[in-house]
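Here is a friendly walk through one model, with the sequence and coordinates to follow along. Please keep your viewer open as you read.

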Amino acid sequence: MSTAEPAAGHAAGRAAGPEAGSEALGPAAPPRAVPPLPPRVVLYGRDGCHLCDTAREIVEAVCAEQRVTWTEVDVDDDPTGALASEYGDYVPVVTVDGVQQGFWQVDGARLAKALARRRVSG
């Protein structure tokens with residue numbers, strides 16, 4: 001047999017079968033870091049807002065029950081003033097996947113329904 005031709009049943013330059021081992025292919029590439037998904041629920045509020053305190057309790061309970069991530073954003077902490085301008089008169093404001101679900105008073109049942117609907121369709 002010529003050294004220029006691969007042996008029968010083997011592809012040139014490739015290890016064949018599981019018995020060949022990964023050392024024939026070189027070291028495994030490190031796993032790619034997958035960026036974390038953004039929280040599905042965002043509660044926009046501000047310090048000293050009693051409606052925001054109540055909304056926080058509702059969002060926390062519904063998200064824990066649905067096993068959904070959430071975050072809270074203080075509209076007054078935005079140095080550009082854009083969040084205070086957009087949401088300031090309406091806090092607390094709740095969004096699910098970027099879609100506003102309510103303001104002033106958060107409805108836990110509506111929030112749960114929005115989360116379930118998005119989970120089924122997306």
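## A salt bridge across the chain

At 18% relative accessibility, Arg-40 counts as buried (buried is under 20% relative accessible area, exposed over 50%, and partly exposed in between, with a 1.4 Å probe and protein chains only). Arg-40 forms a salt bridge with Asp-97, and their closest N and O atoms are 2.9 Å apart; the term stands for a side-chain nitrogen of Lys or Arg within 4 Å of a carboxyl oxygen of Asp or Glu. This pair links distant parts of the chain, with Asp-97 in the loop between E3 and E4 and Arg-40 in the segment before E1, 57 residues apart. Helices (H or I, at least four residues) and strands (E, at least two) are DSSP runs, numbered from the N terminus. Asp-97 is partly exposed, at 33% relative accessibility.

A word on the source: this is a predicted model, where local features need pLDDT of at least 70 and side-chain atom pairs count only at pLDDT 80 or more, while totals for chains, interfaces and linings use all residues. Residues are numbered from 1 along each chain as its sequence is written, and side-chain values use heavy atoms, with hydrogens and water left out.

## The other salt bridges

How many salt bridges does the structure hold? There are four salt bridges in the structure. Asp-76 and Arg-46 meet through their side chains in one of them, at 2.8 Å from N to O. Here too the pair links distant parts of the chain: Asp-76 lies in the loop between E2 and H2, and Arg-46 in the loop between E1 and H1, 30 residues apart. Asp-76 is partly exposed at 43% relative accessibility, and Arg-46 is partly exposed with a relative accessible area of 23%.

Arg-56 pairs with Glu-72 in a further salt bridge, where the closest N and O atoms are 2.7 Å apart. Arg-56 belongs to helix H1 and Glu-72 to strand E2, so that distant parts of the chain are linked, 16 residues apart. Salt bridges with shared partners join Asp-53, Arg-56 and Glu-72 into one network. Arg-56 is partly exposed, with a relative accessible area of 25%, and Glu-72 is partly exposed at 31% relative accessibility.

## Strand E3 and its neighbours

Strand E3 covers residues 93-96, with Val-93 and Thr-95 pointing one way, Val-94 and Val-96 the other way, and all of them buried. Two strands pair if DSSP finds at least two bridges between them. Strand E1 (residues 41-45) is joined to E3 by four bridges, and the two run antiparallel. Four bridges also join E3 to strand E4 (residues 99-103), again antiparallel.

Which residues stand opposite Thr-95? In E1, Val-42 stands opposite Thr-95, while in E4 the bridge partner of Thr-95 is Gln-100.

Most residues other than glycine have a negative phi, and most peptide bonds are trans. Asp-97 takes a positive phi near 50 degrees in the hairpin of E3 and E4, which has two residues between the strands. Arg-67 has a positive phi too, near 55 degrees. Arg-67 sits in the loop between helix H1 (50-66) and strand E2 (70-74), and Arg-67 is exposed, with a relative accessible area of 80%.

Finally, the peptide bond from Val-91 to Pro-92 is cis, with omega near 0 degrees. Pro-92 has its place in the loop between helix H2 (82-87) and E3.
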